[in-house]
Amino acid sequence: MSILRSQVVGCGSYLPARIVTNAELAARVDTSDEWIVQRTGIRQRHVAADDEPTSVVGLKAAQAAIADAGIDPSEIDLIIVATATPDHTFPATATQIQAALGITGGAAFDLQAVCSGFVFALATADKFLTTGGARAALVIGAETFSRILDWEDRATCVLFGDGAGAVVLKAAPGEGTLADRGILTTHIRSDGRHKDKLYVDGGAGSTKTVGFLRMEGKEVFRHAVTNLAETVRHTFEQTGLSGADIDWFVPHQANRRIIDATADKLGISHDHVVVTVDRHGNTSAASIPLALAEAHADGRIKRGQLVLIEAMGGGFTWGSALIRW
Ligand code: UT7
């Protein structure tokens, strides 16, 4: 049966130049390189300059992805930016990136699912592309979490970083089998009962401020390992695949211990896992496309390989997608 698939035709990323090491943080709050590395695997993170809002960080990733795709930006008729740190309450960061790319056709909007944002955005773009609603989509995960961190709170400020990653997707015919190139499955979930475990304590509609990130780390950790394994099990049940079939597992990069525990639960060998959390920290919606771009650029992820992505974040939200690259 001939169907439409959303194929990844380009991938790119951007990291701000400034690197903040664990040692630098240990000079500001009561923490240590040893604690951060042992509990999270994080050694450093990038922090955006004052003149680098999320739209600028996202634009640079978008430009890299479009250059990698080798297409003219005017071909893009859908832009989705997954972000929890938009430049403004409105307009959407996506429309600012659209304008900076010189694109005047199609639609551009932001999507808010915090750390799961890229998976949700990819699933959304896939629905447009495979139903004829768009022909080429730019999906960006872009964040400047440094702006919403309480730099006095050692339990959260050591965990996050800034950055952006992007993919260009194009609708292309497929046979409707797992051999097709493109997005093969997506699963997204939410459970709003857990709001208080990971949230920002401000907002335009409540406090009229931006607020700071608050997290009950241990609780989030517990739910993350369970929910991530559940969403990937759905993918395996739907496709008949197992962990051994996955060429590259590219999880959300929040904590090395969550990544390892999830890979172990799913039977995915650690040599098939892309890890960037050590150098990027948790960049929320940007973490997966940043990791995809790194492994695509260095030749680990090759055309035709099976790539599994998954994420869990505030809300709670969680989800996964299986892509034949
Ligand atoms: O991306 C969205 C999803 N987010 C996540 O997935 C994050 C999930 N959670 C985690 O990654 C981990 O829970 C953390 C890394 C946040 C914390 O690790 P933990 O092993 O769960 O530590 P904990 O929160 O139980 O804290 C252990 C101790 C506490 O001290 P006491 O109460 O045992 O005396 C904390 O006060 O470590 C203390 N602590 C720190 N010590 C040094 C907390 N933060 C720090 C710190 N430096 N930065």
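## Basis

The model is predicted: local features need pLDDT of at least 70, side-chain atom pairs count only at pLDDT 80 or more, and totals for chains, interfaces and linings use all residues. Residues are numbered from 1 along each chain as its sequence is written, and side-chain values use heavy atoms, with hydrogens and water left out.

## The ligand shell

The ligand is surrounded by 23 residues. The closest are Thr31, Arg39, Arg154, Asn255 and Asn282. By class, twelve are nonpolar, six polar and five charged. Here Ala, Val, Leu, Ile, Met, Phe, Trp, Tyr, Cys and Pro are nonpolar, Asp, Glu, Lys and Arg are charged, and the others, Gly among them, are polar.

Four helices each supply at least two shell residues: α2 (33-40), α6 (154-157), α7 (217-239) and α8 (256-266). The largest share, four residues, comes from α7. Helices (H or I, at least four residues) and strands (E, at least two) are DSSP runs, numbered from the N terminus. Domain 1 (3-174) and domain 2 (182-324) each give the shell at least three residues. Those bounds come from an automatic or database domain assignment.

## Contacts and burial

Polar contacts are pairs of N or O atoms within 3.5 Å. Two involve backbone N or O atoms and a ligand nitrogen: arginine 154 at 2.8 Å and glycine 217 at 3.0 Å. Tryptophan 35 places a polar side-chain atom 3.3 Å from a ligand oxygen. Taken alone, the ligand exposes 950 Å², and the protein buries 74% of that. Areas come from the Shrake-Rupley method with a 1.4 Å probe.

The ligand's space is the second largest pocket. On a 1 Å grid over the protein atoms alone, a pocket is an open set of points where a 1.4 Å probe fits, with protein on both sides within 12 Å along at least five of seven lines. A molecule sits in a pocket if more than half of its atoms lie within 2 Å of its grid points.

## Backbone exceptions

Most residues other than glycine have a negative phi, and most peptide bonds are trans. The bond from phenylalanine 90 to proline 91 is cis, with omega near 5 degrees. Proline 91 lies in the loop between β4 (78-82) and α4 (93-100). Glycine 315 and phenylalanine 316 are also joined by a cis bond, with omega about -5 degrees. Phenylalanine 316 is in the loop between β12 (306-313) and β13 (317-324).

Valine 114 has a positive phi, near 50 degrees. Its loop runs between β5 (107-111) and α5 (117-130). Serine 284 has a positive phi near 55 degrees, in the loop between α9 (277-280) and α10 (287-297).

Notes:
Near = heavy atom within 4 Å. Polar contact = N/O pair within 3.5 Å; in protein donor to acceptor, adjacent residues only side chain to side chain. 1 Å grid on protein atoms, 1.4 Å probe; cavity = no way out; pocket = protein on both sides within 12 Å on 5 of 7 lines; lining within 4 Å.
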